[in-house]
Amino acid sequence: MHTHPAPSPWLQRWAHLLPAGATVLDVACSSGRHLRWLAAQGHRPTGIDRDATALEVSADLVADDRAELITADIENGPWPCPSRSFQAVLVTNYLWRPLWPQLLDSLAPGGLLVYETFADGNQTVGKPSRPDFLLQPGELLTRCAGLRIVAFEDGFIEAPARFVQRIVAVRPLAGSAEPPRYRLPQPPA
């Protein structure tokens, strides 16, 4: 029996913004911790990763028709979903800057981007430490220009020690001047 790590607290915090049964693209999904959690919430996740062995851990989700898995090297090959759009795109602990146009194009109108990865400063506490894999200050805000920002964080997390940037942003509805209305979580009492 495989042990599945808990999903990102950032995803869990903002998952209430996903419509029931949402189509969700999980980019660089590895062994599928988010795929499994999203499927359990009633969503229809699609996971992409280049490591077929890692994807095999989630093969039961495909067999039960609860998820789709795509083996693809998105850094060196073509984008595997060129004509598809999703109600949400999820990226955690992964950064490949040339992929930004495809990620944004994959968002359906009103679609939710949930992105979380390592930021500048992480080189002082561990890996990744190469600038290629670390977001620069405010980089997610710049990359998401044109989207409606729902939440943004940039800072240090103690356990495990790491610097992160994370964002939740919504692609505007086509032809609508009215901004989408999303319930923000209430702070704990």
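I looked up Leu 25 and its bridge partner in strand E4: the partner is Val 89. Strands here are DSSP runs labelled E of at least two residues, helices are runs labelled H or I of at least four, and both are numbered from the N terminus. The model is predicted, so I note the rules: local features need pLDDT of at least 70, side-chain atom pairs count only at pLDDT 80 or more, and totals for chains, interfaces and linings use all residues. Residues are numbered from 1 along each chain as its sequence is written, and side-chain values use heavy atoms, with hydrogens and water left out.

Next, the pairing of E1. E1 and E4 (residues 86-92) run parallel, with four bridges. Two strands count as paired if DSSP finds at least two bridges between them. E1 also pairs with E2 (residues 44-49), again in the parallel sense, over five bridges. Across from Asp 26 I found Gly 47 of E2.

E1, helix H2 (residues 33-40) and E2 form a right-handed β-α-β unit. Right-handed means that, with the strands pointing away from the viewer, the path from the first strand over the helix to the second runs clockwise.

Is E1 (residues 23-27) buried or exposed? Five of its five residues are buried. Buried is under 20% relative accessible area, exposed over 50%, partly exposed in between (1.4 Å probe, protein chains only). In a regular strand, side chains alternate between the two faces of the sheet. In E1, Thr 23, Leu 25 and Val 27 lie on one side, Val 24 and Asp 26 on the other, and all are buried.

Last, I searched the whole structure for disulfides (cysteine sulfur pairs within 2.5 Å) and found zero.
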